[in-house]
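The questions below are for a reader new to this structure. Each answer works towards the name or value asked for.

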Amino acid sequence: MNVEPNYYSSSSSSDEEEDDDIFFLLMFVEKKNNYIPKEPQRISMLTGDAFIKEILNGNPRTCYELFRMDRPTFTSLCNYLRTHKFLTNSRWITVEEEVGMFLLIMGHNVRIRVIADRFQHSTETMDRQFKETVRAICRLGKFIIRPSQSNEVHPRIANNTKFFPYFKKCIGAIDGTYISAWAPKSKLVSYRNRKATITHNIMCACDFDMKFTFVYTGWEGTANDSRVFLDALQRPKNNFPWPSSGGYYLVDSGYPCTLGFLPSYRTKRYHLRDFRGGDHPEGAKELFNSRHSSLRNVIERCFGVLKTRFPVLKMMPRYKPCRQGNVMRACCTIHNFIRMATRNDRLFTQFNIDNLTVEGEGRDNSGEPLHTVDLTDQATEAMAAYRDQIAGLMLANNRHH
């Protein structure tokens, strides 16, 4: 039986192969026409490491203006972080670059993309390194945000007849301040303070060397100082630095009057601006308030230095809430490190003036822990009587001069 060849089948297969060739050819032409050659984005000849070296070897004023600290302090900070293994050099970036990047962001409120271009790294690398640096500086803060071990009367008190012997047992001052916050729309109401700005309310304690001894973050701007204060003291994990027996902190009238915390008198003139222009205090309570305000002013000056050095605290970027808290603690840590390393720092010198009025501060807001806040009537009466004793002694001595 003769079988005729299947010419139809052979012709169909050939046509399909030809169609495939045409299809792939068209695809190739289309891709070629749409192809955009990749161009390197980071093309500056001045790498991040070279940029840091140029700043450190250049004019000292440039280092201070960019990094908000002088050259020896910057070098000391980097060496400290490296020595204690808080930060280490990686394959692509040095500790100096990480710290410089952090200080540029904090000191000038610069965005990550700008820093990435300046240091010639990807935004992903910059973001990762920034988070690592913030965490490292917060770990450093556990060692330097703490009270000094000295039990002696501070020279600022001992050498001033306005304060000694009345406040000889005082170890520092406590106050709250508003720090700019970023919050999602669903939480804006809780972060909006009485001035209608989106803020955190943080509580800090400081000594008379203008160093922070305690920093407590996490509260929204609507929270009043007294609420933040009680929460900070009642949580054992916060490790609040309680004063020794007989010692106390100066607080304003928005805080409770109890053992360990000496507030001013309510309903009496208090702030330094109230006694300007030769308007002298009248009576024992106003005299006490005047000197209390003058000495407690140290915490307001600390806030003034902090916010002037780190403008990011006045306009917080879109960081997550947990990172915003770390940023605040990191800034306070750098504040203390500079104070310890450079006694003649420009900003500290500018704000280290008694009776200096700081803009934006001086606001009034009317398991078992190791320590508890004693809010009993007996504790209140005891501290109020101690305050009256100081005020009476001040008035008596003032009449003799």
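Q: What is the order of the five strands in the open sheet?
A: This is a predicted model, in which local features need pLDDT of at least 70 and side-chain atom pairs count only at pLDDT 80 or more, while totals for chains, interfaces and linings use all residues. Residues are numbered from 1 along each chain as its sequence is written, and side-chain values use heavy atoms, with hydrogens and water left out. Strands (E, at least two residues) and helices (H or I, at least four) are DSSP runs numbered from the N terminus, and two strands pair if DSSP finds at least two bridges between them. The pairing in this open sheet is mixed, and the order is β3-β2-β1-β4-β5.

Q: Which strands are the edge strands?
A: An edge strand here pairs on one side only. That holds for β3 and β5 (261-262).

Q: How many bridges join β2 to β3?
A: On one side, β2 pairs with strand β1 (residues 170-180) in the antiparallel sense, over eight bridges. Strand β3 (residues 212-220) also runs antiparallel to β2, and the bridges joining these two number six.

Q: Which residue of β3 is the bridge partner of M203?
A: M203 lies in β2 and is the bridge partner of G176. Towards β3, other positions include N201, whose bridge partner is W219, and C204, which stands opposite V215. For M203, the bridge partner in β3 is Y216.

Q: Which residue in the hairpin of β2 and β3 takes a positive phi?
A: The hairpin has five residues between the strands. The positive phi is near 65°, and the residue that takes it is M210.

Q: How many residues of strand β2 are buried?
A: Buried means under 20% relative accessible area, exposed over 50%, and partly exposed in between (1.4 Å probe, protein chains only). In a regular strand the side chains alternate between the two faces of the sheet. In β2, T199, N201, M203 and A205 on one side are buried, and so are H200, I202, C204 and C206 on the other. Strand β2 (residues 199-206) is therefore largely enclosed by the rest of the structure, its buried residues being eight of the eight.

Q: How many residues of β3 are buried?
A: Strand β3 is also largely enclosed by the rest of the structure. Its buried residues number seven of the nine.

Q: How far apart are the end C-alpha atoms of helix α12?
A: The expected span of a helix is 1.5 Å times one less than its number of residues. Helix α12 (residues 321-341) has 21 residues, so it should span 30 Å. Of these residues, 15 are buried.

Q: What is the angle between the ring planes of F240 and Y249?
A: Rings of Phe, Tyr and Trp (its six-membered ring) pair if their centres lie within 6.5 Å; planes under 30 degrees apart count as stacked, over 60 as edge-to-face and the rest as tilted. The structure holds 20 aromatic pairs. F240 and Y249 form one that is tilted, 5.7 Å centre to centre, and both residues are buried. The angle between their planes is 55°.

Q: Over the ring of which residue does the charged end of R387 sit?
A: A charge sits over a ring if NZ of Lys or CZ of Arg is within 6 Å of the ring centre and within 35 degrees of the ring normal. The charged end of R339 sits over the ring of F348, 4.8 Å from its centre. The charged end of R387 is 4.2 Å from the centre of its ring, which belongs to Y265.

Q: Which residue's side chain makes a polar contact with the side chain of N297?
A: A polar contact is a pair of N or O atoms within 3.5 Å; within protein, one must be able to donate a hydrogen and the other to accept it, and residues adjacent in sequence count only if both atoms are side-chain atoms. N297 is in helix α11 (residues 283-309) and is buried, with a relative accessible area of 1%. Its contact, at 2.8 Å, is with the side chain of R301.
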